[in-house]
Amino acid sequence: MAIVELKNVCRSFRKGEETITPLDDVTLEIHEGDFVSLMGPSGTGKSTLLNLVAGIDRPDSGSITVAGTEITNLSRGQLADWRAANLGYIFQTHNLIPVLTAYENVELPTLLLKQTAAQRRQRVELALKAVGLSDRADHYPRQLSGGQEQRVGIARAIVANPRVVVADEPTGSLDAATSEQIQDLLQRLNRELGMTVLMVTHDREVAGIATRRLILNRGKFLPS
Amino acid sequence: MLLPWEYSVRNLSRRPVRTGLTLMALSIVILLVFVVVGFIRGLERSLRVTGDPDVVLISSINSEANLESSAIPARTPTLIAASIDGTQSRYGVICASPEMYLGTRVTVSDREPAPGLIRAVTTAAPLVRRSVRIEEGHWPDRGEVLVGRLASAKLGMTDEAVAIGQTLTFEGQTWKISGRFTADGAAYESEIWCNLEDFQSATKRQDLSLVALLLKPSASPGEVSLFCKERMDLELRAVRETDFYAELQQHYRPVRLLAWTVVVMVAGAGIFAGLNMMYGAVAGRIREIATLQAIGYRRRAILFSLIQEGVLLSATSSLISGVIALALLNGVAVRFTMGAFTLRIDGPAILIGCGTGLLLGVFGALPPALKALRSSVAVSLKAV
């Protein structure tokens with residue numbers, strides 16, 4: 001059963017006089033437990049597609065159903081609630097909140113769920129353990145290395161047990177060794193926790209860890 | 001669901017210099033609000049408490065609100081005492097106080113003369129002016145004066161300059177200070193009281209400025225007004241003392257309006273200080289704010305958190321300013337034409353000062369927060 005379903009999605013932007021159409025009548029299905037990588041040259045709509053699935057952008061036409069909810073017609077507030085319950089977002093530059101510790105950063109999404117403090121604590125500890133950073137819980141982002149920061153970002157994305165995890169070039173700003181650690185971690189999350197992952201990457205090697213590889217060019221999917 | 005409280009608190013320490021400067025700017029603004037509100041409250045109180053509802057002032061029909069220009073016959077108190085039954089009697093003395101009231105140059109020791117307010121009275125005065133209390137010293141004998149608690153402020157001198165035993169010179173005569181009085185903050189506190197006969201002799205005048213009558217609670221001021229109207233030859237007018245000072249308050253309405261305008265202008269400057277700080281704070285956090293939205297935080301939760309930051313800062317400033325105002329401003333004497341009064345940092349002044357401070361926090365944070373939240377999340381996530 002498809003957990004992500006895009007039907008005839010179009011999205012265009014105006015850039016001065018020019019109209020750019022990164023997504024032109026795109027149809028896509030991603031099934032529960034899939035690990036999908038999305039590749040393609042710059043400006044071909046990879047991030048746009050990711051943002052549409054994440055509900056932080058809206059299509060000009062077409063419909064998007066994620067985790068059983070048609071998100072195209074939800075209000076901004078409803079989309080925020082929907083994201084809190086169903087979606088984990090891994091950013092390229094981790095985007096941690098600098099004034100919060102690793103623990104508090106990971107705890108942020110759980111504050112949006114109806115859970116007791118004990119339940120929250122258990123989830124945060126599990127997420128930090130999953131990314132191997134239990135001993136760095138009290139550290140602030142400035143006290144962590146780039147790889148550790150990204151792992152905290154991943155823990156934050158999975159802590160609420162989302163149905164879908166989207167990752168926007170999660171290894172884009174890391175060195176080769178750290179990138180490999182992150183790839184392993186993403187693979188484990190998919191295999192061991194069964195999380196559905198949609199990952200945008202430029203790197204063919206990183207794309208190789210996915211179970212399904214998609215290439216986007218000029219608004220259309222190419223055969224991989 | 002709201003963001004954790006720690007988020008707002010710790011964000012303030014992210015840019016300590018900027019936060020410190022804003023804290024200082026807001027504190028100064030709120031302190032200025034305290035000064036102006038304390039001024040208004042002090043002035044209003046001084047005029048409000050001066051009036052006694054049982055006292056009627058009889059002055060010259062042409063004098064209006066200016067008692068200095070009033071001149072009534074010296075026999076007026078006797079005539080009134082004989083004609084009006086409603087006048088109170090205390091300790092066998094009829095409570096009718098004949099008075100001369102004059103603004104004149106007063107010299108203290110060898111200093112430059114300064115404008116002072118002289119009220120020449122008899123021993124009937126404290127019977128009518130019931131709030132007057134002699135704090136130290138004694139009632140003035142011939143050639144002596146009693147100074148009010150704020151007389152030094154009116155003269156622009158220190159309290160030591162008008163201490164008991166010091167001398168003052170006015171109307172060509174030297175007077176020795178015999179005592180010091182208070183009047184619960186009433187306007188008399190800025191006056192110098194002397195013996196009526198002495199003053200009449202010094203000014204070579206036989207008339208009076210006014211007669212203050214203390215009526216029995218059952219008596220009506222209308223009875224006194226009727227007497228003044230019937231005795232047209234005396235050219236008198238009677239006005240209840242509370243009405244007289246209410247009228248004076250109206251004279252100071254433009255001053256109060258001006259003061260409130262200053263409050264609004266100063267608060268406006270404070271909003272700009274808050275805006276500047278919050279624009280700076282929010283501009284560097286566009287991506288962070290977008291991240292919070294991507295995680296699932298609603299815009300109103302983020303808006304609330306940003307306002308919380310502004311309010312935290314302004315509340316701290318209000319607290320600092322409130323403490324300074326209470327410690328250093330409350331009770332400071334201010335001169336004005338009618339005498340002197342003290343800045344009054346009372347409950348309402350604290351409420352207005354701190355309320356203005358909190359509003360600065362809200363309105364300073366609102367525009368930058370709204371601006372940041374209006375941006376597209378997808379675009380802001382890529383912001384540098």
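The following exercises, with worked solutions, concern a predicted model with chains A and B.

**Exercise 1. Describe the side of chain B that touches chain A.**

Step 1. Begin with the numbers of residues: chain B contributes 19 residues to the contact and chain A contributes 21 residues.

Step 2. Assign elements on the side of chain B. At least two residues each come from α1 (5–12), α10 (286–295) and α13 (377–380) of chain B. The largest share, six residues, belongs to α10(B).

Step 3. Classify the residues on this side of chain B: nine are nonpolar, four are polar and six are charged.

**Exercise 2. Determine how helices α9 and α11 of chain B are arranged relative to each other.**

Step 1. Take the axes of α9 (residues 253–283) and α11 (residues 299–329) of chain B; they come within 11 Å and cross at roughly 135°.

Step 2. Identify the contact residues. From α9(B) these are B:Gly274, B:Met278, B:Ala281 and B:Val282, and from α11(B) they are B:Leu306, B:Glu309, B:Gly310 and B:Ser314. This set divides into four nonpolar, three polar and one charged.

**Exercise 3. Identify strands that pair with β4 of chain B, and a bridge partner in each.**

Step 1. Strand β4 (residues 96–108) of chain B runs antiparallel to β11 (residues 210–214) of chain B, and four bridges join them. Here B:Ser97 is partnered by B:Ala212.

Step 2. With β5 (residues 114–121) of chain B, β4(B) pairs in the antiparallel sense over seven bridges. B:Leu102 is opposite B:Ile118 of β5(B). Five residues lie between the strands of this hairpin, in which B:Ser109 has a positive phi near 50°.

Step 3. Strand β8 (residues 167–170) of chain B is also antiparallel to β4(B), with two bridges. B:Thr107 has B:Thr169 as its bridge partner in β8(B).

**Exercise 4. Are A:Asn95 and B:Asp184 buried or exposed, or in between?**

Step 1. Most residues other than glycine have a negative phi. A:Asn95, however, has a positive phi of about 50°, and phi of B:Asp184 is near 55°.

Step 2. A:Asn95 is in the loop between β6 (87–90) and α3 (102–107) of chain A. Because A:Asn95 has 22 C-beta neighbours inside 10 Å, it counts as buried.

Step 3. B:Asp184 is in the loop between β9 (173–182) and β10 (191–195) of chain B. B:Asp184 has 13 C-beta neighbours inside 10 Å and so counts as partly exposed.

Conventions. Residues are numbered from 1 along each chain as its sequence is written. Chains are lettered from A and ligands numbered from 1 in the order in which they are written. This is a predicted model: local features need pLDDT of at least 70, side-chain atom pairs count only at pLDDT 80 or more; totals for chains, interfaces and linings use all residues. Two residues are in contact if their C-beta atoms, placed from the backbone, lie within 7 Å. Ala, Val, Leu, Ile, Met, Phe, Trp, Tyr, Cys and Pro count as nonpolar, Asp, Glu, Lys and Arg as charged, and the others, Gly among them, as polar. Axes are lines fitted to C-alpha atoms, for helices over the stretch in contact, and angles run from 0 to 180 degrees between N-to-C directions. A residue is buried if 20 or more other C-beta atoms lie within 10 Å of its own, exposed if 12 or fewer, and partly exposed in between; C-beta atoms are placed from the backbone. Two strands pair if DSSP finds at least two bridges between them.
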